[in-house]
Amino acid sequence: MSDTDAMHPDREMLADAPPRNSWQQWIAVAGLVYLLICAVGLIGSGFKSATGDQAEELFAFATNPFAGLVVGTVATALIQSSSTVTSIIVGLVAGGLPVAVAVPMVMGANIGTSITNTIVSLGHVREKKEFARAFSAATVHDFFNLLSVVIFLPLEIAFGLLEKIGKALAAPFYGGADASMDGFNFVKAATAPVTKAISGPILSLGDVAGGVLLILVGIAMIFLAINFIGKLLKLLMVGRAREIMHTAIGRGPVAGIASGTLVTCLVQSSSTTTSLMVPLAGSGAFGLKQIYPFTLGANIGTCLTALLAATAVTGNSEAALQIAFIHLTYNVLGVLVIYGLPFLRFLPVRAAEWLGRTAAEQKSIALAYILGVFFVIPALCLGITALL
Amino acid sequence: MSDHRNLTREKLAHLIGETEQTLSELKQEMERRDEAAQHRELDRLEEHLDHAENGLRTVRDFFRLLTAELRKSGQS
């Protein structure tokens, strides 16, 4: 037993014991997942009703990919949940938002979500060396996501790379543009009574007003569902997550990526897993190069929520599944390209180490960095794109 | 170092072998200790999860510290 265990045997026993009423909590998780899927469907229906066939015109401001990127970044930074934002995007795509407009938004969601662990790292500010390590552990995620955008956004603009891969992955589930998944989609059949019961009365208020209200109800439901799913899964899965992380120790980067993916799937939140890395690095027990693969796995694991959300949407279901697959493809390719190519692999690590050291010396740099990357630069970009 | 000049080739080879063996054992011991420290840190996962949830308090404390530091540097 470790020193820590010896000092707190009661706490350790409590942590290892299965949570009381765990079956009730699992039922609650299942209910919340059901609610999440229903909510995404509601957003799709609401968006379709509110925009009619004008979705493309309505989102004309975001046809500039940089604007989409900024919308995704700022929305996720404010909500602090990429799962929520990507689920909303899936719903919007089902309701008619063009996939090409949604792709940069999904990329932006990846950037925005890394604000959470950066804020967590501020908790280590009192000890200079600890803060340098913690801030580096948090910002390595930012730098990886920024580099990923730098590589894949131009490829997307020039060739529609992710859009094509996403379409190819979604097509087998639909068997062609006009075919439907309805024939064998029991998830959609199971959610239909609830979505109809909610959308019926709301849409009777009128296409636009009812549609907008339905979108707002859907967003509120997604926010609540993901929030409570996260809280419950943290309680239920913390023991399992710890086991997975224990197993990955000393087994190299691939095990780190795999365990990051698994833990994020279990707790359904990349912010939770990347935030966990911050104190582990801050204590000095884990080096940045050990934390880094785990963080990359978190990016992949978080895609499960949007895929789940895409299983039961009505409207443009194939496009909804396509954007969910694009999210997954983008994150998997990001890891393969950046971590796979030796000359790119440690660029985020070097940048994060430098920033960590600098911010530890001058704390205001940490604040300037957070405000700059997540709010000021995106706002400037949005302003510039609006002028062009 | 100068003693090594007087050693026979066989003795040198033996010493190199011994040193490499010791170095490998030391590296293994270092790795074992690092991994033990990592396992100990992971055992505190619940505690780390609780800390991660105090985002608002973290930001408030950070601002307090930052303004105190800025005031101090302004006075000096």
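Modeller: Starting at B:Leu12, and leaving out residues up to four places away in sequence, this residue touches B:His4 and B:Leu7 (contact means heavy atoms within 4.5 Å). The model is predicted, so local features need pLDDT of at least 70 and side-chain atom pairs count only at pLDDT 80 or more, while totals for chains, interfaces and linings use all residues; side-chain values use heavy atoms, with hydrogens and water left out. Residues are numbered from 1 along each chain as its sequence is written, and chains are lettered from A and ligands numbered from 1 in the order in which they are written.

B:Leu12 belongs to helix α1 of chain B, residues 9-42 (helices are DSSP runs of H or I with at least four residues, strands are runs of E with at least two, and both are numbered from the N terminus). Its relative accessibility is 33%, so B:Leu12 counts as partly exposed (buried is under 20% relative accessible area, exposed is over 50%, and partly exposed is in between, with a 1.4 Å probe and protein chains only). Between B:Leu12 and B:Glu35, 23 residues apart along the chain, the C-alpha separation is 34 Å.

Chain A has 20 helices and zero strands. Of its 388 residues, 55% count as buried. Among the contacts in chain A with a separation of 6 or more, 81% are between residues 24 or more positions apart.

Apart from residues up to four places away in sequence, A:Ala134 touches A:Ser121, A:His124, A:Val278 and A:Gly282. A:Gly284 is 150 residues from A:Ala134 along the chain, yet their C-alpha atoms are separated by 8.9 Å.

Helix α9 (residues 128-159) of chain A also packs with helix α7 (residues 99-113) of chain A: their axes come within 9 Å and cross at roughly 170°. That crossing makes α7(A) roughly antiparallel to α9(A). Axes are lines fitted to C-alpha atoms, for helices over the stretch in contact, with angles from 0 to 180 degrees between N-to-C directions; under 35 degrees counts as roughly parallel, over 145 as roughly antiparallel, 65 to 115 as roughly perpendicular, and the rest as oblique. On the α7(A) side, the contact is made by A:Val103, A:Pro104, A:Met107, A:Asn110, A:Ile111 and A:Thr113. On the α9(A) side, it is made by A:His141, A:Asn145, A:Leu146, A:Val149, A:Phe152, A:Leu153 and A:Glu156. By class, the contact of α7(A) with α9(A) has eight nonpolar, four polar and one charged residues (Ala, Val, Leu, Ile, Met, Phe, Trp, Tyr, Cys and Pro count as nonpolar, Asp, Glu, Lys and Arg as charged, and the others, Gly among them, as polar).

Both helices meet α10(A) as well: the buried residues of α10(A) pack against α7, α9 and α17 (317-340) of chain A. In α10(A), A:Leu162, A:Gly166, A:Ala170 and A:Tyr174 are buried. The 14 residues of α10(A), 161-174, should span 20 Å at 1.5 Å a residue, and the end C-alpha atoms are 20 Å apart, which agrees (the expected span is 1.5 Å times one less than the number of residues).

Helix α15 (residues 288-301) of chain A is mostly covered, with 12 of its 14 residues buried. Among the buried residues of α15(A) are A:Leu288, A:Ile291, A:Tyr292 and A:Phe294. In α6(A), 13 of 13 residues are buried. After α6(A) comes A:Gly96, with a positive phi near 125°.

Two loop residues of chain A remain. A:Gln80, in the loop between α5 (65-79) and α6 (82-94) of chain A, has a phi near 60°, a positive value in a residue other than glycine. At 34% relative accessibility, A:Gln80 counts as partly exposed. A:Gln268, in the loop between α13 (253-267) and α14 (270-282) of chain A, has a phi near 55°, again positive in a residue other than glycine. With a relative accessible area of 13%, A:Gln268 is buried.
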